[in-house]
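Here is a report on one protein chain. It moves from single residues to the chain as a whole.

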Amino acid sequence: TKVHLRDFANEGLRTLVIAEKELTPQYYEEWNQRYNEAFQSTVDRDAKLDAVAEEIEKDLQLVGATAIEDKLQDGVPHAIKKL
């Protein structure tokens, strides 16, 4: 699958990677509490949410990937050239 991802990227395709990790109920409850606290924060909310998300997005097992051609909308290539 890693080889496929590299090939998809080289072809300029939009990719979706599917991964998994088994969580114990206790780990999930503790993480969910931290997530809710970050979500309700009024100070540095985005940074806190990013940090909590990063915790759970570690040590994932790659399950698979998919890719699609994502054509630019009409007029976008012309706008890019102008830039």
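E22 sits in the loop that links β1 (14-20) to α2. Helices (H or I, at least four residues) and strands (E, at least two) are DSSP runs, numbered from the N terminus. The model is predicted: local features need pLDDT of at least 70, side-chain atom pairs count only at pLDDT 80 or more, and totals for chains, interfaces and linings use all residues. Residues are numbered from 1 along each chain as its sequence is written, and side-chain values use heavy atoms, with hydrogens and water left out.

E22 is exposed, at a relative accessible area of 78%. Here buried means under 20% relative accessible area, exposed means over 50%, and partly exposed lies in between (1.4 Å probe, protein chains only). Along the chain, E22 and A53 are 31 residues apart; their C-alpha atoms are separated by 16 Å.

**Loop residues with positive phi**

Two aspartates have a positive phi. D44 has phi near 55 degrees, and is a residue other than glycine. For D59, also a residue other than glycine, phi is near 55 degrees.

**A67 and its strand**

A67 belongs to strand β2 (residues 61-68). Its relative accessibility is 23%, so A67 counts as partly exposed. Leaving out residues up to four places away in sequence, A67 touches F8, L13, R14 and T15. Contact means heavy atoms within 4.5 Å. A67 and A51 are 16 residues apart in sequence, and their C-alpha atoms are 28 Å apart in space.

**The nonpolar core**

Which residues make up the largest nonpolar core? They are W31, A38, L49, V52 and I56, five residues in all. The elements giving two or more residues to this core are α2 (25-40) and α3 (45-56). With three residues, α3 gives the most. Such a core is a set of buried Ala, Val, Leu, Ile, Met, Phe, Trp, Tyr and Cys residues joined through side-chain atoms within 4.5 Å. V52 touches W31, R34, Y35 and A38, with residues up to four places away in sequence not counted.

**The chain as a whole**

The protein chain has four helices and two strands. Read along the sequence, the pattern is α-β-α-α-β-α. The radius of gyration is 19 Å, well over the 12 Å that the globule rule gives for 83 residues, so the protein chain is more spread out than a compact globule. That radius is taken over C-alpha atoms, and the globule rule is 2.2 Å times the number of residues to the power 0.38. Along the principal axes, the C-alpha atoms fill a box of roughly 50 × 35 × 15 Å.

Buried residues make up 11% of the 83 residues. Of the contacts with a separation of 6 or more, 72% come from residues 24 or more positions apart. The accessible surface of the protein chain is about 7,300 Å², and 50% of it belongs to carbon and sulfur atoms. Areas come from the Shrake-Rupley method with a 1.4 Å probe; for residues, only the protein chains shown count as cover.

The chain carries 11 positive and 17 negative charges, and their mean positions are 7 Å apart. Lys and Arg count as positive and Asp and Glu as negative, while His and the chain ends are not counted. Each charge is placed at NZ of Lys, CZ of Arg, CG of Asp or CD of Glu.
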